[in-house]
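Biologist: I am new to this structure and would like to learn how to read its features one at a time. Could we begin with the way strands are arranged?

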Amino acid sequence: MAPSKKKHASNQACVIPGGFTVLSVQFNSDSVAQHKLYVKEHKVRSERSSHRPMDRTLFVLNIPPYCSEDVAKQMFSQFGSVQSVELRDHPGSSQDSGPKISKFFRPAAKQGFKVGYVVFENSSSIAAAKSHPHNVPLVVCTEKRRVKTGTQKWIQQYTESFIHTDNLQKIVDSFMEGYDKRKKEEEEKQKEEAEQQQEDEEGWVKVTRGTKARPHSEAANKKTLQKEIRKKKRKELMNFYTWQHRNTQKEHIAELRKKFEEDKQRIALLRAQRKFKPY
Amino acid sequence: MKNKQTVADDAAEMIPSESHEEQENEAPSKAKRSKPEDAGGEESVYHPVKLSRSDLYKPPSAEELNQLKEAESLFHCSLLKMQMEELLKEVALSERKKQQIDSFIQTVTKLIQTVPESPEVEVSDLSWLSSEVKVPFLLVPKATKGKFHMVPPASVDLIGSYPLGTCTKPRIRVDLAVTIPADVLHPKDVVNQRYPRKRALYLAGLAQYLTSSSEIGTMRYSCLHGNRLRPVLLLTPPGKDSSSFTVNVHACPPPGFFKPSRFHPQKNNIRTEWYTGLQNSQSEGTEPPTPHYNSSVLGDLLPRPHLQFLSAVGSQCSAFADGVALLKVWLRQRELDQGTGCFNGFLASMLLAYLLNSRRISNSMTAYQLLRNSLNFLASTDLTVNGISLAKDPDSSAPSMEEFHNVFQVVFVDPSGHLNMCADMTACTYKQLQHEASVSMQFWDNPTVDGFHSLLMTPKPMIRTSDHVFQLCELVKLQSSCKKLDLLSELMDHSGNYVHTALPFILALLQQGLGQRISLLTHSLSPDPEWSVESEAPKHKAQPPLCFGLLLKPELAASVLERGPPADSPKSAEFRQLWGSRSELRRFQDGAITEAVLWDGKSMCQKRLVPRQIITHLLQLHADIPESAIRYVGALLDDVIKTGSEVPSTGEEESLLVVQSYDDLSRKLWRLEGLPLSITAVQGAHPALRYTQVFPPVPLKMDYSFFDKEKTSRSLVPKEGKPCPAYITPITVICHMEGSGKWPHDRLAIRHIRTAFHIRMGELLKKHHNYTCKPCPTHLDVWKDGLVFRIQVAYHREPQVLRESVNAEGLLVVRDNEEAQALEMATNHKPILTSTLHGLQQEHPCFGAVCRLAKRWLGAQLFSEDITEDTADLLVASLFLQPAPFTSPGSPQVGFLRFLHLLASFDWRNNPLIVNLNNQLAVSDYTEIKNDFMASRESLPVMFIATPKEMKQSMWTKKGPTVQMLQRVVMVAAESLKLLEHQLMDSNQTQDVRVVMRPPLDAYDVLIQLNPKQVPLLVQAVDPPHCHLQQGRHRRQCSPDWRGPACRGLQPCDPLLGRAQRSFWGPGPLLL
């Protein structure tokens, strides 16, 4: 951990507890207000992901909503060339599941402050970012790269939300093709497995640890469990021994008492609320 | 052992705290707490009871066992009874108060008995009175014969409710009868107001003497039930108790001083010659009878016998006093217990006495049963036709029932057989009483209604009860009405009170004119005037305006045609006489030629005001009351939801257009051929399709100059430099496809298949019907009749697929998640709600308008994020489905007022709001819902609404409002209601009902000003700007040849609000 200093001299990086370095961001050079980014090298024990190499990835907290991935990429390129930027709602391991889908079918991204993983091409860039003085802000919108705001941005988003029908049809078709192919492959795999379970010519069955044809459902599990409980209950004798009988009576009286207390409380409560005062 | 001790401690703690509470309840200076504060009280939360083990399982004593058993069988059914007992404790006078009253009465009695004598003077000579005290009487005409002098009274007695034990809080009135000695009066004094004037002089003399005493607080005059012939002197104790009770001093003649037979309703006691001041050669035989004058003088003679009678009856029945108290509370909540012609506590006691005497109720009944039986009696007996009498064997001089009915509208004869106790009551007031009683009986029997609350706890002010209300502002105008209606002898009978003279005739006129349109006509009872002893008695016109309430019949009230009898029938003359020049001969489609009146009215909101046209026309024609004197409060609120420039409309017509267009689309969808799967259901899921959209979508035509053309997708997009284009509301339609094995079992694949359906459907609609369509992955937009319908294809197993997932052990688990819930909400619940509420609109024509007003208010007060459209519609639906103690709202205005009242007064913390849509819930369901609610209150939404489809979760209010926002909603609703009712009922106020639609902005820390050019819905603002912005549309009907993709659902404010909220506040209240 970097030792945190009590007083930060200007032109020095500001390090806060937790090992984060503070970078300030402002929208354009005239802005008065600033947002703070908190950066730190990406260090996770369990993850061994190829696209977040430990030595070259910078973990960034508190990325304001007006910073898109492109903007962030350009903004961080002042510390060295950036390979990729990934913005997410919550920190966590990256999951690359399923087939690639078109942006029209992805669920709408949440607005708000995000966390980001910036992957540089050189590991030296991380040090450069971390030593960036906190009182020299990064600027989002400059002469060179304009960031659209307000109505312009909304019009742009609105325009982007359109897609030509034919293109849409193409996307659907290609996805469904892929889906059918995957389905078929799966089926074939299952078939193969099923075949393997069959006896061969000599009467041998090959036993493997392969996955079952269809996973057990939780509901089915529950059902069997309940069946067993019911079975057990049926065997039990109720009110057979004297002590059992006495216990039941006791329980009944306790139940009545509880109910009586409840009702009493209900009336007391109403009275306390002056529910009986007509005017 | 240790455990037991703590239990004992707990018990010990509980007892003192309870007794403390009772003390607090009885304390005289009870701090009044407003209702919303009550709801927010910290102690008012229900906590599940926790009893320790040792407490639950200790051996029971025999007594406890009995008690528990009894509770098990009785507690729930007698809950209402227990609540009433608690209520009685609230209204009963405490011992301390009684002591205070007794001691003050003693002082007053002593003082009055020492009033000094004065020399005898003429009645008209007022010089013996000091200038500080005036006579509480309107001396018209001035001349009176007779002598008067002050002497100490013959006796001073308590009369009325206090000695009877039926006096209740609040407004404690103690009646004190002061008997005028016989030598002041003369047996002939009954004639020509001589006795009433002497009575007033006697009170003035008492007042003059009492002003010098320091033991009396304030002194004011009033008159008994607004009857100017019977002034009373109001005394309050000095010091801080001055407002806690009032002593009414009545002056009475000595018992038996006048013969009761003189006051026969057919006899005359005011001579025309004296009253008009003109020499008239009429003999006494032809003088008109003066029944009202007679009964008011007779009323002075009888209070003591009445008290004796009532105490004799009351002493037999142990619950008599409690029964009267409950009846008084019931009457008071309905504003029937005060003013001229009221059904006061005295009449309530007399009614109970009648029921006891006629063995309709027995002496052993409880207060609960007394109330129930008397309401039942009132509901079933019409005293305007069949009067009742308490006289067991009236003497021969007593008038017969018919004679009473001839001169009075309502007849209830007292034990002496001479006095009609309901002499001043109008038939309308009695009908109102009957109506209230029968409504009460209806919901009393309904186990799903909180009977106690509706019966005795909910106030029913006229503005919240009647559908339409109108006021007669300038009461002086009634003087000319009396002339026009030729009511001189009646005026004389009422001693010049033209308001009460003309009232019954005006009511009869309106009743006749409105006929089938209304189910009930009510009027406010003019309050008893009160004035200080130093000022003259106020004039008759100096009372608040008379209010009339109409309860409309929804199916007939808005009809523009009044069809009369055929031209040749003898009744046609009568019809013409009633309607005057408005009546004309008309030929109808069935060939009949009849007299008819046609009222103006094109749109629904104009038609709703047909009763207003009738009332102004009739009053002008027959009673000489100009339109300017009538203040009609029936549609003042419609302004805020009004659209349409040529024909003003509150949205019914526009909604109908949308629904018709949708019906057509749905028919066409059903008939589509060439889809791979068939359609199983087409359902609307948008408020506009259930008539509840605040501003229903209007057909639009685009102005191309405001758009850029996007080439690749062939769409219109707004231009950057121009103002924001018009907002087009997409109307959501859900289209369920049939289930099939070909549907994939994968969420992404389903989504793609749905898209394929959207594309295919769009192609087919384009091909067969030539609609412009725009498919998207989530929906298909169809441009039809200038409206945009957003069709969403739904697959009924999709939510299930979304819930399924495979966990790490390879087990298929079903977990509820937000995505599945949202989908289910959009594709299942919303369409069902829409169709159900559409049905409700068919049943109650003003349902939609109430919803629109309610949502308008919620939106204007910035609550629409918290109380969603669906929630608001459900809240309004509950007003129609369970209106007790009211009847279903018959006008948007009254519905909106009740909506505000519901928001402001409902106890969300301890009660679920149950909306019984389609009447699907049984009684057992209600109990189940309530029990489930109680058991898991903490984990449920703050605002809990249960519907038949969904009894446990309250899905409509799951997301909001939060506790804080609900608290604010309650507060703002209470204030709005107060302000609005005041505005509507106060004729002096400048009319600006929009005040309740303007949110208070001073509470917010940040205000964001929007650029008016970029707000597409600016014209819908509560206070729209004057300059009209061109927003890229033509307000003409869409031309059929227009073909072009549209710009749908672009509303720049929404992203702004959403963005700000999500980025900076999190999912909390955004105060903008």
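Biologist: What is the order of the strands in the open sheet of 4 strands in chain B?

Modeller: As a general idea, strands of a sheet pair through backbone hydrogen bonds, either parallel or antiparallel. In this predicted model, the order in chain B is 11-13-10-17, and the pairing is antiparallel. Strand 11 (518-523) and strand 17 (630-633) of chain B are the edge strands, since each pairs on one side only, and the twist from one strand to the next averages 20°.

Biologist: Over how many bridges do strand 10 and strand 13 of chain B pair?

Modeller: Strand 10 (residues 468-472) and strand 13 (residues 546-552) of chain B pair over 5 bridges in the antiparallel sense, and one bridge to look for joins B:L472 to its partner B:L546 in strand 13 of chain B.

Biologist: Which strands does helix 21 of chain B lie across?

Modeller: Helix 21 (residues 498-514) of chain B lies across strand 10, strand 11 and strand 13 of that chain, and its direction is at about 170° to strand 11 of chain B.

Biologist: At what angle do helix 13 and helix 14 of chain B pack?

Modeller: Helix 13 (residues 345-357) and helix 14 (residues 367-380) of chain B pack at about 90°, their axes being 11 Å apart, which means that helix 13 of chain B is roughly perpendicular to helix 14 of chain B. On the helix 13 side of the contact are B:L351, B:L352, B:Y354 and B:L355, which meet B:L370, B:N373, B:S374, B:F377 and B:L378 of helix 14 of chain B. The residues of this contact divide into 7 nonpolar, 2 polar and no charged.

Biologist: Is B:E436 buried or exposed?

Modeller: B:E436 counts as buried because its relative accessibility is 3%, and B:K460 counts as buried at 5%. In another salt bridge, B:E530 meets B:R173 at 3.6 Å, N to O, and these two residues are 357 residues apart, in strand 12 (residues 530-532) and strand 4 (residues 172-179) of chain B. Here B:E530, at 36% relative accessibility, counts as partly exposed, whereas B:R173, at 18%, counts as buried.

Note on methods: Residues numbered from 1 in each chain as written. Chains lettered and ligands numbered in written order. Predicted model: local features only at pLDDT ≥ 70, side-chain atom pairs only at ≥ 80, totals over all residues. Heavy atoms only, no water. Axes fitted to C-alpha atoms, helices over the stretch in contact; angles between N-to-C directions. Parallel < 35°, antiparallel > 145°, perpendicular 65-115°, else oblique. Contact = heavy atoms within 4.5 Å. Nonpolar A, V, L, I, M, F, W, Y, C, P; charged D, E, K, R; others polar. Pairing = 2+ DSSP bridges. Salt bridge = Lys/Arg side-chain N within 4 Å of Asp/Glu carboxyl O. Buried < 20%, exposed > 50% of the residue type's maximum accessible area, 1.4 Å probe, protein only.
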